[in-house]
Amino acid sequence: MKEQNNKINNYSIVDDLANLVIYLAIAIIIGYLVNELTFSILIFLSIYIVYILYSQYIFERWIFNYQKNKSINYHQKHQYLVSNLNQSFEDLTETKLKFKILEKRFKELSASMPDAVVVVDNNFVTDWFNDAAIKMLSLKGIDIGRPILHLIRNPSFTKFINSSERPSNVTFTSPLKYDVTIQSFLVPYGENRYLLTFRDVSESDHLDKMRRDFVANVSHELKTPLTVIFGYLETISLSDQKNIDQGILDQMLKQAKRMDVMISDLLKLTKLQNTNIPEKNFSPINLKNLVNELLIACKHKSKINKNDIKVLTNDDLYIQGSYEEIYSAFLNLLLNAIMYSGSGVTIEISYFVSNEKEVIFSIKDYGVGIPSDSVDRLTERFYRVDKGRSREQGGTGLGLSIVKHIMNRHEGTLKIKSSISEGSQFSCVFPKSSLAMKSAKSSSNI
Ligand code: ADP
């Protein structure tokens with residue numbers, strides 16, 4: 001059998017030609033012997049053509065009525081083709097079977113997934129979706145081939161899909177049920193394909209809102225009695241009461257002030273988390289003028305701390321944003337550099353447009369630096385590297401958390417780099433879209 005297979009696989013056109021030459025020679029010899037050379041060659045050629053046509057017919061019939069393991073043994077060439085075709089058909093059947101198993105597994109997997117999954121092409125046209133997408137997004141079979149933005153109508157989702165600087169995910173209210181919050185991720189895969197996942201995050205969103213509301217309510221409730229206590233303490237300290245220990249009174253005032261700052265920061269943070277910036281609060285901000293304002297605000301503290309503050313940029317550069325919030329974020333970073341980097345430290349302020357057209361505002365100090373395991377935790381609420389020093393400086397541990405939220409509201413990010421004994425760099429990175437055009441004259445107010 002092996003020998004036969006080898007023979008089949010070793011088929012070559014030379015064998016065919018050799019046979020043809022042998023039969024032709026026999027025809028010539030016979031023709032020569034019977035003295036009918038032309039007639040003999042003609043007869044041979046006719047028989048040969050009929051043989052070729054017949055074997056062709058047999059082979060075509062076999063191809064059209066192909067059945068596995070049904071073979072033809074008409075011509076060696078056919079045996080060779082049949083054997084190869086049989087092998088290819090076998091491979092194909094095996095691959096088809098594997099695909100069927102994979103398809104079945106994928107369907108079972110996607111059906112059991114609680115998240116809705118939609119496959120779209122590079123024009124965001126729907127290609128496929130799982131069962132969860134039918135329930136969560138009310139998609140139907142006829143929606144295949146339709147743009148996803150025609151099927152899920154929500155301004156935040158539309159902005160997310162159309163954005164050139166797309167964040168990793170978007171959270172929006174379900175277009176079908178107003179009390180359902182959906183979080184969607186867009187992941188590129190394969191060639192020109194995207195996987196869109198949709199998760200119902202209503203529960204965690206609700207819990208998060210409850211937590212934020214609780215903090216806001218408690219802070220609000222504490223604010224009023226604290227203002228009263230603070231007022232009385234100030235009155236007592238200003239009055240000429242001889243039987244009151246001034247040291248104790250100063251401590252009470254200091255602690256009451258600390259609590260007041262903390263409550264104000266907590267309220268500020270909850271407000272930043274709970275609300276979007278109203279469009280009317282956006283205006284072009286000249287970073288050059290803003291830096292001057294920051295220097296004035298920090299003049300006293302930097303003088304006491306003997307800092308050398310260098311401004312490395314002197315250009316008019318405008319970003320679109322809320323002046324109040326951006327000022328508060330940058331001031332926080334500059335005050336931190338003054339308060340925590342150490343006495344007499346050089347601080348550099350710079351801003352520029354990166355190659356990616358992002359606007360980067362950076363505050364760099366050459367001070368004590370921050371341990372690497374603390375860098376990632378700096379924007380957590382109440383996180384302080386040196387609790388004692390922060391408390392002494394009147395810090396609440398909420399400053400960088402506020403900065404991070406302000407940057408989020410401007411679709412930007414806060415990047416922190418720091419090395420012990422070398423210093424720290426806090427960079428606010430604003431997206432390309434925040435770059436604003438405005439002449440220096442028209443922004444005189446900022
Ligand atoms: P705080 O209200 O305590 O200032 P922040 O969130 O602004 O809170 O800062 C968190 C902590 O990060 C600070 O307590 C301080 O330990 C550390 N930190 C911030 N900026 C710097 C800096 N430039 N150099 C060293 N440490 C810093």
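1. Start with what helix α8 packs against. Its buried residues pack against β4 (181–189), β5 (193–200) and α9 (246–274). Keep in mind that this is a predicted model.

2. Which residues of α8 are buried? They are Ser-202, Arg-212, Val-215, Ala-216, Ser-219, Leu-226, Phe-230 and Leu-233.

3. Check the length of α8 next. The helix runs over residues 202–238, which is 37 residues. At 1.5 Å a residue, α8 should span 54 Å. The C-alpha atoms at its ends are 53 Å apart, so the two values agree.

4. Where does α8 kink? The kink lies at Lys-223 and is about 25°. The proline Pro-225 follows shortly after Lys-223.

5. Look at the polar atoms around the ligand. An N or O atom in the side chain of Asn-336 is 2.8 Å from a ligand oxygen atom. Thr-396 has a polar backbone atom 2.8 Å from an oxygen atom of the ligand. For Gly-397, a backbone N or O atom lies 2.8 Å from a ligand oxygen atom. On its own, the ligand has 540 Å² of accessible area, and the protein covers 96% of this.

6. Finally, find Gln-273 in helix α9. Leaving out residues up to four places away in sequence, Gln-273 touches Arg-212, Arg-381 and His-405. Arg-212 is also one of the buried residues of α8.

Note on methods. Residues numbered from 1 in each chain as written. Predicted model: local features only at pLDDT ≥ 70, side-chain atom pairs only at ≥ 80, totals over all residues. Heavy atoms only, no water. Helix = DSSP H or I, 4+ residues; strand = E, 2+ residues; numbered from the N terminus. Expected span 1.5 Å × (residues − 1). Bend = angle between axes of the 7 residues up to and from the residue. Buried < 20%, exposed > 50% of the residue type's maximum accessible area, 1.4 Å probe, protein only. Contact = heavy atoms within 4.5 Å. Polar contact = N/O pair within 3.5 Å; in protein donor to acceptor, adjacent residues only side chain to side chain. Areas by Shrake-Rupley, 256 points an atom, 1.4 Å probe, with all protein chains shown as cover.
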